[in-house]
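Trainee: I would like to go through this model and ask what each label rests on. Please set the values against the definitions as we go.

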Amino acid sequence: MAISIPEPDPDRAREAARATRGVAAVSLGQVASTGLSFLLALIIPRLLGSRDYGNWALFRSVIDFMALLCALGTPAVMSQYYVAARAGGRDGEAGLIFKSLAAGRLAVGVVAAAAGLFLLLASRNPLMDKAAAGFLAVSVLARVAGLAPYLLLYAERRTGRIVLVNILAATLVPALVAAAYYAGGFRLVPPACAAGDAALAAVYWALARPDVRWPRGWLPRARFREMAAFGVTLALANTTSLACITMTPYFMSLAGMSSLLIGRVGLAVRLQNILLGLLATAGGTLWPSITSLMETEGVRRSVVWQSLFHRLGGVLILAAAGGFLAVAGWAVPLVWGVEFTPAIPVIGLWFGVTLAYWIGMRHALFAQLVRSPATVLKASAWLYAVFVPLFVVFGRSGSGVETVLALLGGALAFAASLVFTVRRNWNVSLDARRLLLPLAVNAALAAFLQWGETSRFWMPAGLAWAGLFVASVMASHCLRVHEVTEILTALRRPRPRREAPPG
């Protein structure tokens, strides 16, 4: 039986077009911030050296982890409750929702700051003393306090301000850390990090101030419990998997591994964050359009956009991986120094972790869309069930490659669980199999460079890979022209004119 797709409602079509233009604007700004992040990612490891970069990776991983836990579904609550209240003209209710979120995050942030302090002191690293732990607590509190106004900018669609804060978030802390290390070594890095995070939180509140509504009173208890239950469930579903990847440097420190090895993995994590940050910003802005399509035209119609963005991200990750492998033999020693040469296989394998995690998370977001967070929790359990035993048996020794292989096993289990469950329960596929042919081309390049004389053959191998990679993307239909046409049409569609008031 053929599925009849209804004509889209004009108001919702305009909403989807508006969201798509927002994706384009924010993505262009994110390209600039990504470029600056990448430049700093080239400079800082070279400046700090492999050992002190490992110390920095450990310090920052605890901050990132605690900030991640403190999000507690806040983005989902803002999009599900605050935006709905504003769209319905209930500005007072929207203000109470924002007030509850901001106050709740501040209270949780105090607890998280104390927990992060003790985590750092337990890391078995002699440089992580009480002073460093105190500055880490300041960073955690600042990161959590700035979350609500940062999300408010997205909820109110302040595109220009979003671009500005994303550029600042990508550059301010790394730039301050680099300057502090140059001036006085690693002892100045924790206070520089704390100063940068505090300054970012102040900027978020200043930019969001015109949109902040802070009415008297609080939400009714039943409404608050409903909102909290929704946010906590999604938080458990979405953060458990990401926490495993974010905290890998910390796990290595607990296992007694050297800062040298932690630095290699920390560099791979940093490069992944830059790449996924670009995709996450565009995906977060695109999500209202996907939701609108689902409401007006059904799940099948929204899956078209989800599948396209899923494959676009996969191709970008694979292209970055292949490009890195092609030039790493000469570029890594030139840019970061000879001491980072052993990090090449670590980073190369970490791109595999990134791809598996990306595939899993796109299917996890579909499960969220159909209100099934338990599906994501089950997949996260598979991630830990595979990663932890492999890490305990194999990952705590060697060159760092073993740790990444253990995490790759967990990430593959995470992705496989979600792909299988989404296909079985909802008969939906995001076409992850189309990425297999470009992945095979990358694997062939890696095998050749491992076997061949890298210094002699990197250029012809890189050129051959580029041609084969483009051909594989086209042959496997990873990118199809007719799917892209819809988004381009929305981008070109003129903005609806406002009717002049009568008289």
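Mentor: Start with the salt bridges: the count is twelve, under the rule that a side-chain nitrogen of Lys or Arg is within 4 Å of a carboxyl oxygen of Asp or Glu. The model is predicted, so local features need pLDDT of at least 70 and side-chain atom pairs pLDDT 80 or more, while totals for chains, interfaces and linings use all residues. Residues are numbered from 1 along each chain as its sequence is written, and side-chain values use heavy atoms, with hydrogens and water left out.

Trainee: What makes Arg60 and Asp64 a salt bridge?

Mentor: Their closest N and O atoms are 4.0 Å apart, so the pair meets the cut-off just given. Side chains of opposite charge can pair when their charged atoms come close.

Trainee: Why are Arg60 and Asp64 separated by about one helical turn?

Mentor: Because they are four residues apart in helix H1, residues 10-71. Helices here are DSSP runs of H or I with at least four residues, numbered from the N terminus.

Trainee: Why are H13 and H14 called roughly antiparallel?

Mentor: H13 (residues 373-395) and H14 pack at about 160 degrees, with axes 8 Å apart. Angles run from 0 to 180 degrees between N-to-C directions, on axes fitted to C-alpha atoms over the stretch in contact. Over 145 degrees counts as roughly antiparallel and under 35 as roughly parallel, so H13 and H14 are roughly antiparallel. Their crossing is right-handed, the near helix being turned clockwise from the far one by less than a right angle. The contact of H13 with H14 has 16 nonpolar, eight polar and three charged residues.

Trainee: How do you know that H3 and H4 are roughly antiparallel to each other?

Mentor: The axes of H3 (residues 91-121) and H4 (residues 130-145) cross at roughly 155 degrees and come within 8 Å. That angle is over the antiparallel cut-off, therefore H3 and H4 get that label. H3 passes H4 in a right-handed crossing.

Trainee: What makes H4 roughly parallel to H7?

Mentor: H4 and H7 (residues 189-208) cross at roughly 15 degrees, their axes coming within 8 Å. This makes H4 roughly parallel to H7. The crossing of H4 and H7 is left-handed.

Trainee: What makes a space a cavity and not a pocket?

Mentor: On a 1 Å grid over the protein atoms alone, a 1.4 Å probe fits in a cavity but cannot get out, whereas a pocket is open, with protein on both sides within 12 Å along at least five of seven lines. One cavity of 30 Å³ or more is counted. The largest cavity holds about 40 Å³, a volume being the space filled by probe spheres set on the points.

Trainee: Which residues line the largest cavity?

Mentor: Ala268, Leu271, Gln272, Ile347, Trp350, Phe351 and Thr354 do, lining residues being those with an atom within 4 Å of a point. H10 (259-297) and H12 each supply at least two, and the largest share, four residues, comes from H12. By class, five are nonpolar, two polar and none charged.

Trainee: How many residues line the second largest pocket?

Mentor: There are 34, and Leu325, Gly348, Leu349, Asn442 and Ala446 lie nearest its centre. The second largest pocket contains about 950 Å³ of space. H12 gives the most to its lining, nine residues. The lining has 25 nonpolar, eight polar and one charged residues.

Definitions and conventions: Ala, Val, Leu, Ile, Met, Phe, Trp, Tyr, Cys and Pro count as nonpolar, Asp, Glu, Lys and Arg as charged, and the others, Gly among them, as polar. Angles under 35 degrees count as roughly parallel, over 145 as roughly antiparallel, 65 to 115 as roughly perpendicular and the rest as oblique.
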